[in-house]
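Student: I'd like to learn how to read a sheet in a structure. Can we go through one together?

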Amino acid sequence: MKLKLEIVTPEKKVYSDEVDSVVIPGVEGELGILPHHIPLMVQILPGELRVKKGNEELNLATGGGFVEVTGKSVKVLTDMAERAEDINEARVEEARCRAEEALKERHLSAEEYATTAATLQKALAQLRVVRKRRH
Amino acid sequence: MASTREIRRRIKSIKNTAQITKAMQLVAASKMRRAQAQVLAGRPYNELMNELLGSLSGKIDRSLHPLLATKVEEKNRKIGIILIGPSRGLAGGLMSNLIRSTVNFIEKNELAAGKKIKTQYKEAYELKEEIEVEGLVNEVESTSFGVITVERKARDFILKLGHKLIGDFQKLNSPPTMFDTNPIAKIAMESFLDGTFTDVYLVYPHFVNTMTQKVVIKKILPIEESSLRVKEESEDVIVSEYTFEPKPNELLKALLPHFVEMEVYQAVLEAAASEHSARMVAMKSATDNAEEIIDDLTLTYNQVRQAAITQELLEITSAAAALE
């Protein structure tokens, strides 16, 4: 018995395959999903999503979003999903600095603040994933 | 028969037109490719989102979130429309199709609500291009429709009809982003929540392929079970009850507005892809027509020229014969 995992973002379908287990960054902590998990509807935060398939392990940095779990499938809807090997560390680091500065210095409207904070969260998630991969 | 000079002038002017339409065709073609790629890339997310809400909506208490609640009976319905049109003209039949569907939709609902149809509608859509706007606002007020328009063409048309304009969005980025579309969704949700509307529909040209665009009228608020596509392979939707994390009302508070935003975003993408495709096709046929006319005129021109030469020769030889 395997889990059917689908990960999509508004830009593309990132991943679609049968896997053994998934760990998702839920709002109330990480959740490990195995086949026959009870039906679940989870909101996720920017963070790390780990996929295990046989001996392979895949790490993705995800943005906020939602996950539906049935006993057989996991569907992930998120605004970002980057594989660890695709992340350009220098660029993300730069984005993080920019976002941090913007949050500190400028007077932002509530909306701008939310967008910038979300960008920062995503950048941090990407950095976490990519640094972990290196160690 | 026209003189050779006249024909030459016409050929030249049509060549100029053909050059312009050809240029527009090329520009539209490159925009079209980008817009089509974007709309196709966005569909899986949208479909999955629909599935997710579809399997969810039957199993939750509808009073948990105001965006789910249907509160009024048929008679007191106040309908809001988000009308997404092309940003410029010269897109073939795209705008007139959109107008026809919108008018039909409005008439059907006014009839259902027991209102008389204003003949003005008919007139308005005969005059589909270049609508004069001034002086028409608020001429008709008894209508229960409110409209949020996207792009100028749609706004002009709605003002001509005399419907209440709730919001008007113009000059979206090309390609459109969530920054453009989220305010549209926000206005729609706010006017739904404060009771301005009891139903909100999206009206936009759905991109089928380069040659075909289909006008779609889709109810987005309140979020209903029937408006969500039922999944075809139903093997894994037999789920009795979900566990929520965080609590259902908190999760819905984040999920439902996001769903509406994504629906609007996808609709705007569909409209953009439709617009560029329709324009590309329209400009291509304009260019083809112009070339055909040029061929015809060139033939006529040569015939006229040859006739004139023959005539002259005839005159010269007959004059020479007369002298001998």
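Tutor: Two strands pair if DSSP finds at least two bridges between them. This is a predicted model, where local features need pLDDT of at least 70, side-chain atom pairs count only at pLDDT 80 or more, and totals for chains, interfaces and linings use all residues. Residues are numbered from 1 along each chain as its sequence is written, chains are lettered from A and ligands numbered from 1 in the order in which they are written, and side-chain values use heavy atoms, leaving out hydrogens and water.

Student: What joins β4(B) to β5(B)?

Tutor: Strands of a sheet pair through backbone hydrogen bonds, either parallel or antiparallel. Here, a hairpin of five residues links β4(B) to β5(B). These two run antiparallel, with eight bridges, and P205(B) sits opposite V215(B).

Student: In what order do the strands of chain B lie?

Tutor: The order is β3-β2-β1-β4-β5 in an open sheet of five strands, with mixed pairing. At the edges, β3 (164–169) and β5 (213–221) of chain B each pair on one side only. Strand β2 (146–150) of chain B runs parallel to β3(B), joined by five bridges, and I148(B) faces G167(B) there.

Student: Which strands does helix α2 of chain B lie across?

Tutor: Helix α2 (94–112) of chain B lies across β1 (79–84), β4 (199–207) and β5 of chain B. It runs at about 175 degrees to β1(B); axes are lines fitted to C-alpha atoms, for helices over the stretch in contact (heavy atoms within 4.5 Å), and angles run from 0 to 180 degrees between N-to-C directions.

Notes. Helices (H or I, at least four residues) and strands (E, at least two) are DSSP runs, numbered from the N terminus.
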